[in-house]
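Here's a quick briefing to read alongside the structure. Have the viewer open and follow along, topic by topic.

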Amino acid sequence: RIAVQADYVYSHGYDVIVQRNVNLAQVNGQFVSIDPRFSAINMYQNLGWINYNALVSRIEYRGTKLRAGTSYTLSKATSDSLATGVGGGAATNPLDLSIDIGPTNEDRRHVVASDFAYVFPLDFQLAGIARYQSALPYSVSSSLIVFARPEPRNSRRGDGESNLDLRVSKNLKFGGRRTATIFWEMFNVTKTTNFLQYQGSLQSSSFGLPQSADPMRRQQVGLRFDF
């Protein structure tokens, strides 16, 4: 009744679109416009890439009344573009894309998730999932620096995030294929404060501080009818 698995995942994405100002040149250490009539001539080129490596593991128990398991992912995601996906964003330095090499905006090194479901007499069920995620990265920027970075891209990390959700339900049978489920769900049971979007501008008075947070505890009740 116990299953254990581990998988290695590798992904390489290429031809990510990067925006470059091709009207820019560097002369004697200074950036100048090639054609002074235009402040910028933006070209979108398939120059970006994304690498992802991960160890994905899980241990699970499946019994008559209880099902429970824990998953763990150790991963690293790196890119040379400011955003993931097809549109990689504008390059910090159009003449040197290596400046933007660093962890992706979604790079989480550790993710642990535990889940369970238990069936009580009279067809009551209690289920839950607890999750911990290590911190996302963020970059330091400065309005005094042009086409460069005061620190390598996404070199800083915020805080980790944790969450616990629970669900209590009761199944009702009306004969044939007709059934109903009454449920009560609670999200972020422990009212944990998970901060998001850290300020990276050196000119900001809130430098290094979070700018928002996930919702606190929420609850909902519902009725589902299947036929």
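Let's start in a loop: Asn188 sits between strand 13 (179-187) and strand 14 (195-198). Keep in mind that this is a predicted model. The chain as a whole has 16 strands and zero helices, and its radius of gyration is 25 Å, well over the 17 Å that the globule rule gives for 227 residues, so it is more spread out than a compact globule.

- Asn188 has a phi near 55°, which is a positive value in a residue other than glycine.
- Is Asn188 buried or exposed? Asn188 counts as buried, because its relative accessibility is 3% and the cut-off for buried is under 20%.
- Asn154 also belongs to a loop, the one between strand 10 (137-138) and strand 11 (156-157).
- The phi of Asn154 is near 50°, again positive in a residue that isn't glycine.
- With a relative accessible area of 5%, Asn154 is buried.

**Overall build**

- Along the principal axes, the C-alpha atoms of the protein chain fill a box of roughly 80 × 40 × 30 Å.
- What share of the 227 residues counts as buried? For this chain, the figure is 28%.
- The protein chain exposes about 13,900 Å², and 57% of that comes from carbon and sulfur atoms.
- If you take the contacts with a separation of 6 or more, 62% of them are between residues 24 or more positions apart.

**The start of the chain**

- Arg1 lies in the segment before strand 1, and it is exposed, with a relative accessible area of 65%.
- Which residues does Arg1 touch once you set aside its neighbours within four places in sequence? Arg1 is in contact with Glu60, Tyr61, Arg62, Gly63 and Thr64.
- Arg1 and Gln220 are 219 residues apart in sequence, and their C-alpha atoms are 33 Å apart in space.

**A nonpolar patch on the surface**

- Nine names to look up on the surface: Ile2, Val4, Ile59, Tyr61, Leu66, Tyr118, Phe120, Leu122 and Phe124 form a nonpolar patch.
- Together, the residues of this patch have about 870 Å² of accessible area.
- Which strands each supply at least two residues of the patch? Strand 1 (2-21) and strand 4 (42-62) both do.
- Val4, one of the patch residues, has its place in strand 1.
- Val4 is exposed, because its relative accessible area is 66% and the cut-off for exposed is over 50%.

**Aromatic rings**

- The count of aromatic pairs comes to five. In one of them, Tyr118 and Phe120 have ring centres 4.7 Å apart and planes at 70°, so the pair is edge-to-face.
- How much of each is accessible? Tyr118 is partly exposed at 32% relative accessibility, and Phe120 is partly exposed at 37%.

Technical notes: Residues numbered from 1 in each chain as written. Predicted model: local features only at pLDDT ≥ 70, side-chain atom pairs only at ≥ 80, totals over all residues. Heavy atoms only, no water. Patch = residues over 30% accessible without salt bridge, like charges linked within 9 Å, V, L, I, M, F, W, Y side chains within 5 Å. Areas by Shrake-Rupley, 256 points an atom, 1.4 Å probe, with all protein chains shown as cover. Salt bridge = Lys/Arg side-chain N within 4 Å of Asp/Glu carboxyl O. Helix = DSSP H or I, 4+ residues; strand = E, 2+ residues; numbered from the N terminus. Buried < 20%, exposed > 50% of the residue type's maximum accessible area, 1.4 Å probe, protein only. Contact = heavy atoms within 4.5 Å. Rg over C-alpha atoms; globule rule 2.2 N^0.38 Å. Phe/Tyr/Trp six-rings, centres within 6.5 Å; stacked < 30°, edge-to-face > 60°.
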